[in-house]
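Hi,

Here is the structure I promised to pass on to you. Have a look at it first, and then read my notes below with the model open next to you.

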Amino acid sequence: MTSTPAPALTVVDALVLPGADGGPEWYFGWLQVGTDGRITGTGPGEPPPGWETAPVLDAQGAIVAPGFVSAHSHLFTSGLRGIAPDATLYPWVRSMMELFRHTDAEDMYWATLHGSMDFLANGVTSAYNFMQSGVTWLYDPATARNVLGRVHPDEYTTRQMDGTVDAGLRAVHAIRLDDEAGPEDQVLTRFARMVDAARAPERAGRDQRLGVSVMGAVQWASEPRTAELEVHVMREHGLTDQAHFVETAEGLDVQRAKFAWYEQAGALGPDLLLGHFVHPTDEMVERVAAAGSPVVWQPTSNGRLGSGHADVVRYRRAGIQVGVGLDDQSCTDISDPWANMRQGLYAQRALHQDAGVMSARDVLRLHTLGSAEVLGVADRVGSLEVGKHADFVLVDHRSPSTGPVWDVVATYVLACGLRNLRATYVGGRCVARDGRATAPLAGRADAELAERIERAAHADGRRLAVSAEELVSSGARRRGH
């Protein structure tokens, strides 16, 4: 018989949005967390007797809701907000990759740490993280081929894993195969090392590792062999795969033609997620639905890069599971899950000219439990249920005031935002408060990132508008720089 862990935290006087499919949609009540960081109980009214023996978080009537799950993220881009601000996908990617040729493993650690803490500070507690490849590629859309930029040592990848662990973020580590960088046996051996590194006990954190996945790269590949090898490593190592696919209107015929590569390789199915999926043909939608491959939607990113609108309503009606991601910090700029929900919701309503095609409840579920489902981790995160990790946000809808509450979920999704977010908890521990992460290295992260990105920019012949020194200098601010 399994014993219940001792209580480590009791949340009281909360307006709870559990985010589960069964039971009440919301209630004024409590939530209790065990010493293992998992939820041991929750419900309306007062907690059971003895709750005062554990530390207490008095929510004072504020909203307690599941931490957001970003099913598609690139955390290493946290130092590149505002880069190529008017570019579409391919020139924007090129601008970033030219800079990353000049970065090392420690640069990538601090970039990922900063990006992970940014997510936590903004209420995102779990993320599927596409790590920057161990090979820097410079994609040429004119020839639809990659140009080799630089090959990095293993630490370039593993230190990105360390960044998520040290920040306190839960993550699925997505690793690119980089099959065009050398002989297949060497490529497969290196990939296996990265999988082992991601699964190493020292990188488990406090139950932070959600899984390991393949960073699908067929969109950028020159031969069908890439799809075949991705399927090979998925089966050999027991991995999922998420591919960026038909993301942009640029070179669309080339992108669409590569769908057959995945199909012929036997990749389609629940373990192959299709990121973006903005411009599929009718036939592609039908085949994805029939195979059970999920789609991951990035509304803010698709708008920033002018990629187009993914018709998520159409996909869901076809029976396709959908999750939501915040994508790069460099193409969402503010990792704001509330803005991401609203932009997506409003775009779908505008696209269909019907406000009833998607509700506030729908889009909230997509960014929490729905995203956990497509990642295969809904048994651990995505809703506030007994046995799951106690990952939640404390959101005060009264400060600044959103006015009378006509509909609790609508108020939370449509009227709240980062200005109302008071704290983020992972496993019942506070990891961010009032917009700042609480990790031990949080105080160093801003300066480290600024200095390292500036150094890489200078190596690439570029200059930041505001130098790293000016960024952290109060004197520079007084001088109006």
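**Salt bridges**

D162 and R159 are three residues apart in helix 3, so about one helical turn separates them. (Helices here are DSSP runs of H or I with at least four residues, strands are DSSP runs of E with at least two, and both are numbered from the N terminus.) The two side chains form a salt bridge, with the closest N and O atoms 3.0 Å apart. That term stands for a side-chain nitrogen of Lys or Arg within 4 Å of a carboxyl oxygen of Asp or Glu. D162 counts as buried at 15% relative accessibility, while R159 counts as partly exposed at 21%. For these words, buried means under 20% relative accessible area, exposed means over 50%, and partly exposed is in between, using a 1.4 Å probe and protein chains only.

Before going on, keep in mind that this is a predicted model, in which local features need pLDDT of at least 70 and side-chain atom pairs count only at pLDDT 80 or more, while totals for chains, interfaces and linings use all residues. Residues are numbered from 1 along each chain as its sequence is written, and side-chain values use heavy atoms, leaving out hydrogens and water.

How many salt bridges are there by this rule? The count comes to 29. Here are two that you can look up:

- E25 and R361 meet through their side chains at 2.5 Å, N to O. E25 sits in the loop between strand 1 (7-16) and strand 2 (27-34) and R361 in helix 13 (residues 360-366), so this pair ties together parts 336 residues apart in sequence. E25 is partly exposed, with a relative accessible area of 37%, and R361 is partly exposed too, at 33%.
- D118 pairs with R81, and their closest N and O atoms are 2.7 Å apart. D118 is buried at 16% relative accessibility, whereas R81 is partly exposed at 30%.

**Helices that pack together**

Two packed helices are described by the angle between their axes and the distance between the axes. Axes are lines fitted to C-alpha atoms, for helices over the stretch in contact, and the angles run from 0 to 180 degrees between N-to-C directions.

Start with helix 3 (residues 155-167) and helix 4 (residues 184-198), whose axes come within 10 Å and cross at roughly 20 degrees. That makes the two helices roughly parallel. (Under 35 degrees counts as roughly parallel, over 145 as roughly antiparallel, 65 to 115 as roughly perpendicular, and the rest as oblique.) Which residues make the contact? Helix 3 brings T157, T158 and M161, and helix 4 brings R190, M194, A197 and A198; contact means heavy atoms within 4.5 Å. By class, there are four nonpolar, two polar and one charged residues. Ala, Val, Leu, Ile, Met, Phe, Trp, Tyr, Cys and Pro count as nonpolar, Asp, Glu, Lys and Arg as charged, and the others, Gly among them, as polar.

Now turn to helix 12 (residues 337-352) and helix 15 (residues 408-415), which pack at an angle of about 100 degrees with their axes 8 Å apart. These two are therefore roughly perpendicular to each other. W338, M341, R342, L345 and Y346 of helix 12 meet Y412, V413, L414 and A415 of helix 15. This contact has eight nonpolar residues, no polar ones and one charged.

Leaving out residues up to four places away in sequence, A167 touches L113, S116, M117, L120 and A439. A167 and A442 are 275 residues apart in sequence, yet 8.2 Å apart in space, C-alpha to C-alpha.

Y90, in helix 1, is buried as well, at 6%.

- A cis peptide bond joins S399 and P400, with omega about -10 degrees. P400 is in the loop between strand 17 (392-395) and helix 15.
- A84 is not a glycine, but has a positive phi of about 45 degrees. A84 is in the loop between strand 6 and helix 1.
- D327 also has a positive phi, about 60 degrees, without being a glycine. D327 is found in strand 16 (residues 327-328) and is buried, with a relative accessible area of 2%.
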